[in-house]
Amino acid sequence: MAVHDLVAVCKPLDTNSLYCNLLQCSHFADTSIAAWQGEELLGFISGYHLPEQPDTLFIWQVAVSEKGRGQGLATRMLMSLLGRSNCRTTRYLQTTITPDNAASWALFNGLAEKLEAQSHVSMAYDRDKHFGGRHDSEKLLRVGPFKQPDQA
């Protein structure tokens, strides 16, 4: 429930069903991360390894509360995820971002710099073709190849 509530206040993120958030926290627990301060959820990142590209971690959502912003929390959570044993063979990170989401572009471009990796942007999902005009287009950002943070 805490993840669902956090995502709801982190505009412009799309909210998912409570059940979807439960699956993110259970089925994808190894590739997701939560940052707590006491009983308060400050940040949550959900991700998964692409079935056809097991060396690629796809980041589904990054949510950071107002209280957690401006402290590099999202970057620290991403680096922690990449440092996990189940991500030892991860060499690429992918995510989709709307063109106007400046905070996400800054986060992932900064991560690419920190990992000393290249980034490549292409079209992922078109507003009209994929979303029937009801959602902004999403660009695919691919970062990598990179060495694991603990191996860099």
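User: In which sense do β1 and strand β2 pair, parallel or antiparallel?
Analyst: Keep in mind that this is a predicted model. In general, strands of a sheet pair through backbone hydrogen bonds, either parallel or antiparallel. Here β1 and β2 (residues 40-50) share 5 bridges, and their sense is antiparallel.

User: What is the bridge partner of W36 in β2?
Analyst: β1 covers 33-37, and β2 covers residues 40-50. W36 has its bridge partner in β2, and that partner is L41.

User: Which residue in the hairpin of β1 and β2 takes a positive phi?
Analyst: The hairpin has 2 residues between the strands. A positive phi, near 65°, turns up there at G38.

User: And which are the edge strands of the open sheet?
Analyst: Let's walk along the sheet: its 6 strands come in the order β1-β2-β3-β4-β6-β5, with mixed pairing. An edge strand here pairs on one side only. That picks out β1 (33-37) and β5 (119-125).

User: How much are neighbouring strands of this sheet turned against each other on average?
Analyst: The sheet in question is the open one of 6 strands. Ignoring direction, its neighbouring strands are turned on average by 25°.

User: Over how many bridges do β4 and β6 pair?
Analyst: β4 spans residues 92-97 and β6 spans residues 138-143, and they run in the antiparallel sense.

User: Moving to the helices, are α3 and α4 parallel, perpendicular or oblique to each other?
Analyst: Helix α3 is residues 73-82 and helix α4 is residues 102-114; their axes sit 10 Å apart at an angle of about 50°. Roughly parallel needs under 35 degrees, and roughly perpendicular needs 65 to 115. The pair is therefore oblique.

User: Which residues of α4 make the contact with α3?
Analyst: The crossing of these two helices is right-handed. From α3, the contact uses A74, T75, L78 and M79. The residues of this contact divide into 6 nonpolar, 1 polar and 1 charged. On the α4 side they are L107, F108, L111 and K114.

User: How many helices and strands does the chain have?
Analyst: From the N terminus on, the elements run α-α-β-β-β-α-β-α-β-β. That comes to 4 helices and 6 strands.

User: What radius of gyration does the chain have?
Analyst: Its C-alpha trace spans about 45 × 40 × 30 Å along the principal axes. A compact globule with 152 residues would have a radius of gyration near 15 Å, and the chain agrees with that, at 15 Å.

Definitions and conventions:
Residues numbered from 1 in each chain as written. Predicted model: local features only at pLDDT ≥ 70, side-chain atom pairs only at ≥ 80, totals over all residues. Heavy atoms only, no water. Axes fitted to C-alpha atoms, helices over the stretch in contact; angles between N-to-C directions. Parallel < 35°, antiparallel > 145°, perpendicular 65-115°, else oblique. Left-handed = near helix turned anticlockwise from the far one by under 90°. Contact = heavy atoms within 4.5 Å. Nonpolar A, V, L, I, M, F, W, Y, C, P; charged D, E, K, R; others polar. Pairing = 2+ DSSP bridges. Rg over C-alpha atoms; globule rule 2.2 N^0.38 Å.
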